[in-house]
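Dear colleague,

I am passing on a structure that you have not seen before, and my notes on it follow below. Please read them with the model open beside you.

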Amino acid sequence: MSTLILALIAGAVVGLALGALGGGGSVLAVPALIYLLGFTPAAATTAGLIIVTATSLTALYAHARTGTVRWKAGALFAAAGLLPAAAAGAAASRLPQPVLTAAFAAIAAFAAIRMLRPGHAVTGSAASGARPAKAAGTGAGLGALTGLLGVGGGFLAVPALVTVLAFEMQAAVGTSLLVIAANSLASLAARGATTVGIDWAVIGPFTGAAILGAWDGKRLAAKVTGTLLQRTFAVVLLAVAAFMLIDALT
């Protein structure tokens, strides 16, 4: 199968996940870039940020049209992560590639287990209310994760917005895209010249397919139960994490 076709298929899957779940697409983008398209882990994390930035902005626009984005709270949450994202992004290129791969696999496995855990999500009405200090700490942690591993952190941002800021699920999904886009842009700015070696002939089609997939994901989310989508994605993610961890340790 040609590289172009693989890039288009992988991009469509990433966009579908991001549009439907408000996050998680980048956790699939990086492994796809490494194992299907031949990128090094360092190049894949940078390319992943480019893809996630473009796709999350598209998905954010789609959610904003339906009024599910809380701009003020989301901007404050994202602001806490900007400096950590930039600092971690600058440090990422200095880490050994096996360390990056293993760290990414661990985060992916954690995300998958979280999604599979029965009743892990809580509703906004069940949350105890917004806690500014905890919100700032969570935002900073998500920013560092984005910068280091090239992931948007949506799989952590959504539950954090629900539990820490007492958002209902629809608002958490929409607002998480604002957080993802801001953190990804900060991390890309910190990496700067490292984007020079990116293969745009691959990243361009990948990103385009992801953007189209995000629109389809938004429509899919309205037709299929969130639980089914989440569990299906989690199983795929767990398998990817196991493969990456084995690869990093051998």
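**What was found**

His 63 is found in helix 3, and, with a relative accessibility of 3%, this histidine counts as buried. Please keep in mind throughout that the model is a predicted one. Leaving out residues up to four places away in sequence, His 63 touches Gly 19, Thr 68, Val 69, Val 173, Gly 174, Leu 177 and Lys 218.

Thr 55 lies in helix 3 as well, which runs over residues 41-65. Thr 55 is buried, its relative accessible area being 1%, and, once its neighbours within four places in sequence are set aside, its contacts are Gly 15, Leu 18, Thr 207, Ala 210, Ile 211 and Ala 214.

**The chain as a whole**

The protein chain holds 10 helices and 0 strands, so that its pattern along the sequence reads α-α-α-α-α-α-α-α-α-α. Of the 250 residues in the chain, 50% are buried. Among contacts with a separation of 6 or more, 85% are made by residues 24 or more positions apart.

Helix 8, which covers residues 169-191, has 23 residues and reaches 33 Å from its first C-alpha to its last, close to the 33 Å expected at 1.5 Å a residue. This helix is mostly covered, with 18 of its 23 residues buried.

Helix 5, made up of residues 97-116, has 20 residues and spans 29 Å from its first C-alpha to its last, close to the 28 Å expected at 1.5 Å a residue. Its buried residues are Leu 100, Thr 101, Phe 104, Ala 105, Ala 108, Ala 111, Ala 112 and Met 115. Seen down the axis of helix 5, these buried residues fall within an arc of 130°, and they therefore line one face of the helix.

**Empty space in the model**

Where is empty space left among the atoms? Rolling a probe the size of a water molecule over the atoms is what shows it. A search of the whole structure finds 1 cavity of 30 Å³ or more, and the largest cavity has a volume of about 30 Å³. The residues that line the largest cavity are Val 30, Ile 34, Pro 41, Thr 45, Leu 100, Thr 101, Phe 104, Leu 149 and Met 244. Helix 2, helix 3 and helix 5 are the elements that give two or more residues to this lining, and helix 5 gives the most, with 3 residues. By class, the lining of the largest cavity has 7 nonpolar, 2 polar and no charged residues.

The second largest pocket, in turn, has a volume of about 250 Å³. The residues lining this pocket are Leu 6, Ile 9, Ala 10, Val 13, Val 14, Leu 28, Pro 31, Ala 32, Tyr 35, Leu 36, Val 240 and Phe 243. At least two residues of the lining come from each of helix 1 (3-21), helix 2 (25-36) and helix 10 (226-249). Which classes of residue make up the lining of the second largest pocket? The lining divides into 12 nonpolar residues, no polar and no charged ones.

With best wishes

Technical notes
Residues are numbered from 1 along each chain as its sequence is written. This is a predicted model: local features need pLDDT of at least 70, side-chain atom pairs count only at pLDDT 80 or more; totals for chains, interfaces and linings use all residues. Side-chain values use heavy atoms; hydrogens and water are left out. Helices (H or I, at least four residues) and strands (E, at least two) are DSSP runs, numbered from the N terminus. The expected span of a helix is 1.5 Å times one less than its number of residues. Buried means under 20% relative accessible area, exposed over 50%, partly exposed in between (1.4 Å probe, protein chains only). The arc is that of the directions from the helix axis to the C-beta atoms. On a 1 Å grid over the protein atoms alone, a cavity is a set of points where a 1.4 Å probe fits but cannot get out, and a pocket is an open set with protein on both sides within 12 Å along at least five of seven lines; lining residues have an atom within 4 Å of a point. Grid points are joined across faces, edges and corners, and a volume is the space filled by probe spheres set on the points. Ala, Val, Leu, Ile, Met, Phe, Trp, Tyr, Cys and Pro count as nonpolar, Asp, Glu, Lys and Arg as charged, and the others, Gly among them, as polar. Contact means heavy atoms within 4.5 Å.
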